[in-house]
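I opened my notebook to look over this model. I wrote down each thing I looked up, in order.

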Amino acid sequence: MFVALPEIETLLDGCRANKRLAQEQLYRQFYRFAMTVALRYSRDEMDAADILSHAFVKVFKSIHSFDSSKGSLQTWIKKIVVNEGLDHIKSRERFSHNVELEAVPEPEISNVVLEQIGADEIMKLIHKLPRATHAVFVLYAVEGYTHRQIAEKLNISEGTSKWHLSEARKSLQQQLSKIIT
Amino acid sequence: MDEKAAYELTIAEKLEQLTVPDKVDAIWARIEALLDIDMPTDDGSGEPLVNPPSGSGLWNITGIALFIAALIATIYFTSKKPNINTNTINTPRDSVTTIINRPASTNNKPPPAELAPQPSQRSIPDSSASLQSSLPLPVSIDSLSFKGIDNPSALLSDSIANNLPATPVVTPPADTGKKKGRGVKGITDSDYRIVPDKD
């Protein structure tokens, strides 16, 4: 049965008026998208649920600051979820500040192998990375942030960001080679 | 190093296809609990109130309370009434007042009976006192003559005669107590008669 979803603007008005029904409908409308983002920064589903719940509380608290002329609501929610995910990681693991890396030889990772395995398997590989390395890899490889942006976000140097990315690539290569063999 | 490798693009694409756990309701429950703490709503969206007292309900409670209060008051005053009735006999006293008032009203003077204490002041539960008060008060003839009445005895007799039909019959309260028998049982007056012996 098809149920017509309320207009986003109607939901936003309800959320601005602190109406629970509107907040719940908005949450349900963006749950799948937001959960997909949260899973990238979490170790497991419980972690992701924790990130998501706190992220949506922030969404509803700061809904008055959302400006549709500056971007879509989905982009705005994603930004909040990512920030909550990074806060979640930072609260559990310290980022190395002393490591500086300018240039390292790139490990070779077979794209053919990656295409053959599923998304959940790839996520398991990423979960095996240290939390900080995991965060830098996702920010760089998946979200498309530059090292400068990652450095600002995580309050680390660009060299440290590069070092974490290099560590992530090495680890993934090792794990993928195990899968091949 | 800043360039994305092909495998990284593949990973980014794959991660978009992640299986999302079905925890939508559980997570909403957590969000709602957090919102109820940080952003309580005016529409009562939190835990529903258990039958909040409405306007009509409040009136019902007030009505029941008033009814109970009235019932208690009725029982209280009903239990007090018999004592009041046994100690005061107001009706005869009022009739005495009318007897005295009539002649006195001719002279526009307050009757002597008005000097008697008011009923509210006569609350001593003394049966003799109440009996006395129920009887007509004696009126001094001299006091009447002092007030400029030439023939007070005639006036008094006239007033009494005029008021006799209006005077209620004052009956002392019935003595419910058992009367003590007089004399010795079995002895009559004839037993005390002294009859001289006839020789």
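**Entry 1: a buried salt bridge**

I started with A:Arg169, which counts as buried at 1% relative accessibility. The model is a predicted one. I then asked which residue forms a salt bridge with A:Arg169. The partner is B:Glu8, and the closest N and O atoms are 2.6 Å apart. A:Arg169 lies in helix H9 of chain A and B:Glu8 in helix H1 of chain B, so the pair joins two chains. Is B:Glu8 buried or exposed? B:Glu8 counts as buried, because its relative accessibility is 0% and the cut-off for buried is under 20%.

**Entry 2: helix H1 of chain B**

Next I looked at the helix that holds B:Glu8. H1(B) is mostly covered, with 7 of its 10 residues buried. I listed the buried ones: B:Tyr7, B:Glu8, B:Thr10, B:Ile11, B:Ala12, B:Lys14 and B:Leu15.

**Entry 3: where the chains touch**

I turned to the contact between the chains. I found 37 residues of chain B in contact with 48 residues of chain A. Together the two chains bury about 4100 Å² between them. Carbon and sulfur atoms carry 63% of that area.

How many salt bridges are there between chain B and chain A? The count is 7. I also noted 18 residue pairs in polar contact between the two chains, both residues being at pLDDT 80 or more. Helix H1 (6-15) and helix H2 (24-38) of chain B are the elements that give two or more residues to the side of chain B that touches chain A. H2(B) gives the most to that side, with 11 residues. I sorted the residues on that side of chain B by type: 18 are nonpolar, 5 are polar and 14 are charged.

I searched the whole structure and got 18 salt bridges over all chains. I picked out a few.

B:Lys23 forms one with A:Glu45, and the closest N and O atoms are 3.9 Å apart. This pair crosses between chains. B:Lys23 sits in the loop between H1 and H2 of chain B, while A:Glu45 is in helix H3 (residues 45-61) of chain A. A:Glu45 counts as partly exposed, at 37% relative accessibility.

The side chains of B:Arg30 and A:Asp50 also meet in a salt bridge, at 2.6 Å from N to O.

Then I looked at a pair inside chain A. A:Lys170 forms a salt bridge with A:Glu167, with the closest N and O atoms 3.4 Å apart. Both residues lie in helix H9 (residues 158-180) of chain A. They are 3 residues apart, about one turn of the helix. A:Lys170 counts as partly exposed at 40% relative accessibility. A:Glu167 counts as partly exposed too, at 27%.

I also found a network of salt bridges. It links A:Arg40, A:Lys78, A:Glu143 and B:Glu16.

**Entry 4: aromatic rings**

I moved on to the rings. A pair of aromatic rings is described by the distance of the centres and the angle of the planes. How many aromatic pairs are there over all chains? The count comes to 5. One is A:Tyr27 with A:Tyr31, an edge-to-face pair. The centres are 5.8 Å apart, and the planes are at 65°.

Why are these two separated by about one helical turn? They are 4 residues apart in helix H2 (residues 20-40) of chain A, so about one turn separates them. A:Tyr27 is buried, with a relative accessible area of 0%. A:Tyr31 is buried as well, at 7%.

I checked the cluster next. A:Tyr27, A:Tyr31, A:Phe56, A:Phe60 and B:Trp28 form one aromatic cluster.

**Entry 5: chain A as a whole**

Last, I stepped back to chain A. I counted 9 helices and 0 strands. Read along the sequence, the pattern is α-α-α-α-α-α-α-α-α. Chain A has 181 residues, and buried residues make up 50% of them. I also looked at contacts in chain A between residues at least 6 apart in sequence. Of these, 69% join residues at least 24 apart.

Methods: Residues are numbered from 1 along each chain as its sequence is written. Chains are lettered from A and ligands numbered from 1 in the order in which they are written. This is a predicted model: local features need pLDDT of at least 70, side-chain atom pairs count only at pLDDT 80 or more; totals for chains, interfaces and linings use all residues. Side-chain values use heavy atoms; hydrogens and water are left out. Rings of Phe, Tyr and Trp (its six-membered ring) pair if their centres lie within 6.5 Å; planes under 30 degrees apart count as stacked, over 60 as edge-to-face and the rest as tilted. Buried means under 20% relative accessible area, exposed over 50%, partly exposed in between (1.4 Å probe, protein chains only). Contact means heavy atoms within 4.5 Å. Buried area is the accessible area (1.4 Å probe) that two parts lose on being put together, summed over both. A salt bridge is a side-chain nitrogen of Lys or Arg within 4 Å of a carboxyl oxygen of Asp or Glu. A polar contact is a pair of N or O atoms within 3.5 Å; within protein, one must be able to donate a hydrogen and the other to accept it, and residues adjacent in sequence count only if both atoms are side-chain atoms. Ala, Val, Leu, Ile, Met, Phe, Trp, Tyr, Cys and Pro count as nonpolar, Asp, Glu, Lys and Arg as charged, and the others, Gly among them, as polar.
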